[in-house]
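Here is a short report for a reader who is new to this structure. Please look over the sequence and the 3D view first.

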Amino acid sequence: MGTSRYHDIYARWMKDPQGFWGEQAGALDWITPPKTVFDAEAGVYGRWFPDGVCNTTANCLDRHVRDGRGEQPALIYDSPLADTKRVLTYAELLREVEVLGHALRRFNVAKGDRVIIYMPMIPEAVVAMLACARIGAIHSVVFGGFAAHELATRIDDAQPKMILAASCGIEPGRVVHYKPLLDRAIEEAKHKPSNCLIFQRPQETAGLIEGRDQDWAKTCEGLKAEGIGPLAPEPMKATDPLYILYTSGTTGKPKGVVRDNGGHMVALNWTMGAIYDIQPGDVYWAASDVGWVVGHSYICYAPLLRGATTVVYEGKPVGTPDPGAFWRMISEHNIKVLFTAPTAFRAIKKEDPKAEYLGKYDLSGLKALFLAGERADPDTVKWAEDILKVPVIDHWWQTETGWAIAGNPLGLGILPVKYGSPTVPMPGHEIHILDETGKEVEAGKMGTIAIKLPLPPGCLPTLWNAEERFRSSYLNEFHGYYSTSDAGYRDEDGYLFIMGRTDDIINVAGHRLSTGGMEEVLSSHPSVAECAVIGAKDSLKGEVPLGFVVLKSGVNTSHADIAKDCVRLVRDQIGPVAAFKHTLVVNRLPKTRSGKILRGTMKKIADGDAWSMPATIDDPVILDEIAKALGEANLKG
Ligand code: COA
Ligand code: AMP
């Protein structure tokens, strides 16, 4: 292991943050280069590159075509689920983006309009994002595993002029009928988009609603037949929004995380070299979904900003067709860096503990595995290291930040790994571990992890149409800091350890969900008087939600039927991705004397962890009842 440049670079950033980010901005094309790197007076906590004018797609596409990468693959699509593969070069991707951009304009979509994208892992999803960015429309991608109601909530918040969707998605063993979900969502939403453009997949042709829906391929082919020309990138202020990505908040109403154009492209471009050690021409694979932040940053934008080749994989780590799926991908496409969630590796390990499938493939091109999205348990990290024989790097981030808050920067020279730690803060992030009064705690002591303001480029400047919620969710807890709502500590060597959320967010198979949102759904059941949802430990998915409901008096439906109803309700309202499979009917919920439900203690009992009787408990016997109910329940499967 050589010496890392990390400490020097971090110190350089600390000493002169504006000089540091100004230098990174120089690596990109600007329509008007920024004179001001940071304006502390603008926005909620300041704004990056306020007088810069740019277009993100000009940097993702045109720049590379101009520099001779037109014939290089920009995007590899590999779908074991659809049994299809396709490669798009930079020149081809640019052309597709231009044509769809023209199409959006024909539907009167203009700069600043919102466009919702509801699509599976197909190249058109990336084309859709880039086409919006090309014309300055603000995209909002909604993950395909969400139900119609969740989509409706986002439609009402973002108020899109148009929706881009596919006819269907494909999950192992079933086709996900997107179009009926879309129709239901539009019916439920108060806001109605003017048009929908539907990409008909060979697996399912969706019915189109006359006057509103148009066929994607026909529209684009029509434009090509007209001989439609190039489409100049729309000049955008660096501070104009590029996209909104909704993420779980502490209620059923998701938070619309806003990303800007300038800061985002500067930060992501920097991470590709410094964190992931990816050079132009390398193949980089983020095995996630475009519906999540990892997909936004590291399937769509960052690899293309870097001039690398990105991979759109429509499949799973196991079962498509076997636990060798990832190894096949790595060897077939010569992937240099893989980024995924620890759950994916736990799934592979469960099916192929001795990694026998690995022997069939040549993985000599793989240089590192990056993990994020949930805590990387040391067993999984060590297993991955043993079988892959490359650095396995945990890094910690959030939808809000858009890139790693802490990590082990491969491109700057890797630091010694400590299992259970995502290593050290990345330049841009000054981390403090604070107690409830906002005082810094000493090394080794737990506290809330906070980032000193300003947040670096690429992090959210605000929430969509909800500046007050932005302040109250993140900035009011500690004056002058962004609170991550993650608890953890720092050791004597400055390594961070992330121990869990301080709010009601849980991570299920690397997917971020709100137990509060699920409680809102359960409460809507006519027989339910009150309820609690906790995240219980799960050996595959990290955590899974578990519901407890107390019935209204006089309800005499069988408990089993009510439990089934509750599971169906969450699946219908939030979606299959919630992985909500179990509800226990109990007589009472344990509470403090002031009426707060003791979810933390319930979780410890469910997890089989040591717990102590909370001093403020109202009636200690109820915890025995909960333990008994858990003991009697069959929570497998
Ligand atoms: N569209 C529709 N439904 C979807 C979906 C999508 N894009 N993604 C998941 N679902 C469904 C699944 O089919 C499943 O449905 P089911 O209840 O009918 O079986 C449900 O949502 C739960 O999905 P998941 O929690 O992912 O479980 P799984 O058993 O299907 O797969 C893993 C388990 C470990 C293979 C899978 O979670 C995985 O690959 N995880 C990697 C983590 C990851 O990509 N994280 C993204 C952030 S980096
Ligand atoms: P998301 O917004 O979906 O990326 O989820 C963010 C949350 O996931 C964080 O606040 C953490 O709780 C958790 N998380 C993400 N990455 C890690 C990691 N490397 N280690 C521990 N927790 C993580």
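## The model

This is a predicted model. Every value in this report is computed from it.

## Ligand 1

Start with the shell around ligand 1. It has 24 residues. Those that come nearest are E171, R174, K541, R571 and K581. By class, the shell around ligand 1 holds 12 nonpolar, 6 polar and 6 charged residues.

K541 places a polar side-chain atom 2.9 Å from an oxygen atom of ligand 1. G144 uses its backbone instead: an N or O atom there is 3.4 Å from a nitrogen atom of the ligand. For G145, a backbone N or O atom is likewise 3.4 Å from a nitrogen atom of ligand 1. On its own, ligand 1 has 930 Å² of accessible area, and the protein covers 83% of it. Two elements give two or more residues to this shell: β10 (174-177) and α12 (342-351). Helix α12 gives the most, with 3 residues.

## Ligand 2

Ligand 2 is surrounded by 14 residues. The closest are D394, T399, D486, R501 and R512. The shell divides into 3 nonpolar, 5 polar and 6 charged residues.

Again, polar contacts can be picked out. A polar side-chain atom of D486 is 2.5 Å from an oxygen atom of ligand 2. The backbone takes part as well. A polar backbone atom of H395 is 2.8 Å from a nitrogen atom of ligand 2. For E374, a polar backbone atom is 3.5 Å from a nitrogen atom of the ligand. How much of ligand 2 does the protein bury? Taken alone, the ligand exposes 490 Å², and the protein buries 93% of that.

## Helix α1

Helix α1 covers residues 6-15. Its residues Y6, I9, Y10 and W13 are buried. Seen down the helix axis, the buried residues fall within an arc of 100°, so they line one face of α1. On the other side, H7, D8 and K15 are exposed.

The spacing has a simple background. An α-helix has 3.6 residues a turn, so residues three or four places apart point the same way.

## Three single residues

Is T310 buried or exposed? T310 is buried, because its relative accessible area is 0%. The residue sits in strand β17 (residues 309-313). A polar atom of the T310 side chain is 2.7 Å from the backbone oxygen of I299.

R328 belongs to helix α11 (residues 325-333). R328 has 17% relative accessibility, so it counts as buried; the cut-off is under 20%. V417 is 89 residues away from R328 along the chain, and their C-alpha atoms are 27 Å apart.

E71 is in the loop between α3 (56-69) and β4 (73-79). E71 is exposed, with a relative accessible area of 66%. Between the C-alpha atoms of E71 and D213 there are 34 Å, and the two residues are 142 apart along the chain.

## Backbone features

Most residues other than glycine have a negative phi, and most peptide bonds are trans. The cases here depart from that.

Two peptide bonds are cis. One joins T320 and P321, with omega about 0°. P321 is in the loop between β17 and α11. Another runs from L453 to P454, with omega near 0°. P454 is in the loop between β24 (447-452) and α14 (467-475).

Positive phi values come next. A355 is not a glycine, yet its phi is near 55°. A355 lies in the loop between α12 and β19 (368-371). It is buried, at 8% relative accessible area. S485 is not a glycine either, and its phi is about 60°. S485 is part of strand β25 (residues 481-490). This serine is buried too, at 11% relative accessible area.

Note on methods: Residues are numbered from 1 along each chain as its sequence is written. Chains are lettered from A and ligands numbered from 1 in the order in which they are written. This is a predicted model: local features need pLDDT of at least 70, side-chain atom pairs count only at pLDDT 80 or more; totals for chains, interfaces and linings use all residues. Side-chain values use heavy atoms; hydrogens and water are left out. A residue is near a molecule or strand if one of its heavy atoms lies within 4 Å of it. A polar contact is a pair of N or O atoms within 3.5 Å; within protein, one must be able to donate a hydrogen and the other to accept it, and residues adjacent in sequence count only if both atoms are side-chain atoms. Accessible areas come from the Shrake-Rupley method with a 1.4 Å probe; for residues, only the protein chains shown count as cover. Helices (H or I, at least four residues) and strands (E, at least two) are DSSP runs, numbered from the N terminus. Ala, Val, Leu, Ile, Met, Phe, Trp, Tyr, Cys and Pro count as nonpolar, Asp, Glu, Lys and Arg as charged, and the others, Gly among them, as polar. Buried means under 20% relative accessible area, exposed over 50%, partly exposed in between (1.4 Å probe, protein chains only). The arc is that of the directions from the helix axis to the C-beta atoms.
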